[in-house]
Amino acid sequence: SEIIVATQNAGKVAEFKAALNGLPYKVLSLADLGKFPEAPEQGETFAENACSKAKFYARLTGKLCLADDSGLEVDYLKGEPGVYSARYAGEYASDQDNNEKLLEHLIGVPPEKRTARFRCVLVLADAEKLWYTADGTVEGIILTEARGNSGFGYDPLLFVPEMDRTLAEMSPAEKNQISHRGRALKKLVMQLADQEK
Ligand code: ITT
């Protein structure tokens with residue numbers, strides 16, 4: 001069957017296409033179908049936003065849509081930027097602007113207080129109903145400067161102890177093994193496989 005990766009974030013699209021490669025789904029992105037407006041994101045939780053994005057794009061495309069709402073939760077900042085991760089430094093902020101703002105907020109904060117995690121909630125829905133949802137996290141420490149060039153967003157700032165590297169120092173396959181998105185996707189694909197038994 002066909003799944004539309006319903007996100008406007010090119011970094012997410014690349015990860016979904018790589019991770020779903022080899023599975024029995026035809027995977028397309030919104031960009032493959034045409035030009036679509038941004039989905040409204042007014043929820044206070046990742047789950048609310050992922051649901052509203054999935055429904056929004058399922059209605060517009062008439063197809064089965066996979067939406068992702070994700071972000072970085074920094075303990076010292078009481079969970080911020082959280083659902084505001086994409087627009088932390090402003091409406092049209094670049095990844096670099098967001099990273100700079102985060103580092104500024106953590107100036108002088110020692111390593112043991114720089115704990116953080118990425119969280120991802122996935123929702124698979126068509127225009128009629130919500131089929132599946134799954135979540136995932138990856139724990140780490142916010143460094144004092146960026147390290148690595150792969151991935152996107154806050155990847156160069158999150159050092160992952162279990163891999164002894166930042167997410168931006170991992171290959172796409174390595175990141176997918178341990179990332180919030182990779183873990184959520186694994187759970188979602190298991191539910192899909194169960195249904196097909
Ligand atoms: P869509 O809503 O179209 O999917 P978006 O980028 O606006 O795109 P979100 O609202 O879910 O998506 O914002 C997620 C932000 O959290 C993203 O822009 C990054 O700044 C950050 N983020 C999420 N996953 C990440 C990852 O794997 N690596 C680095 N940063 C990530």
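Is Asp69 buried or exposed? Asp69 counts as buried, because 27 C-beta neighbours lie inside 10 Å. By definition, a residue is buried if 20 or more other C-beta atoms lie within 10 Å of its own, exposed if 12 or fewer, and partly exposed in between, with C-beta atoms placed from the backbone.

Good morning, colleagues. What we have here is a predicted model, in which local features need pLDDT of at least 70, side-chain atom pairs count only at pLDDT 80 or more, and totals for chains, interfaces and linings use all residues. Residues are numbered from 1 along each chain as its sequence is written. The pLDDT is the predictor's confidence in each residue, on a scale from 0 to 100. The chain averages 96, and 100% of the residues score at least 70. The model also carries an ipTM of 0.98 and a pTM of 0.97.

Let me return to Asp69. Its place is in strand E3, which spans residues 65–74. When I name helices and strands, I refer to DSSP runs numbered from the N terminus: helices are H or I with at least four residues, and strands are E with at least two. Leaving aside neighbours within four places in sequence, Asp69 is in contact with Phe46, Asn49, Ala50, Lys53 and Val121. Contact here means that the C-beta atoms of two residues, placed from the backbone, lie within 7 Å.

I turn now to the ligand. Which residues are closest to the ligand? They are Thr7, Asn9, Ser85, Ala86 and Gly153, out of 23 residues that surround it. The shell divides into 6 nonpolar, 10 polar and 7 charged residues. For this division, Ala, Val, Leu, Ile, Met, Phe, Trp, Tyr, Cys and Pro count as nonpolar, Asp, Glu, Lys and Arg as charged, and the others, Gly among them, as polar.

Next, the interior. In soluble globular proteins, nonpolar side chains tend to be buried together. In this model the largest nonpolar core has 42 residues, and those with the most contacts inside it are Ala54, Cys65, Leu66, Leu122 and Leu158. Such a core is a set of buried Ala, Val, Leu, Ile, Met, Phe, Trp, Tyr and Cys residues joined through C-beta atoms within 7 Å. The elements that give two or more residues to this core include helix H1 (10–20), helix H3 (46–61), strand E3 and helix H6 (180–195). Strand E4 gives the most, with 8 residues. Leu66 touches Ile3, Ile4, Val5, Ala6, Phe16, Leu122 and Leu124, not counting residues up to four places away in sequence.

Finally, some details of the backbone. Most residues other than glycine have a negative phi, and most peptide bonds are trans. Where does this model depart from that? The peptide bond from Glu80 to Pro81 is cis, with omega near 0°. Pro81 sits in the loop between strand E3 and helix H4 (95–105), and it counts as buried because it has 20 C-beta neighbours inside 10 Å. Beyond its neighbours within four places in sequence, Pro81 is in contact with Gly71, Leu72 and Tyr88. Pro81 and Gly71 are 10 residues apart in sequence and 7.2 Å apart in space, C-alpha to C-alpha.

Lys78 is placed in the loop between E3 and H4, and its phi is positive, near 55°. Asp164 has a positive phi of about 60° although it is not a glycine, and it lies in the loop between strand E6 (158–160) and strand E7 (165–166). Lys78 counts as exposed because it has 8 C-beta neighbours inside 10 Å. Asp164 counts as exposed because it has 8 C-beta neighbours inside 10 Å. Thank you for your attention.

Key
Near = placed C-beta within 6 Å.
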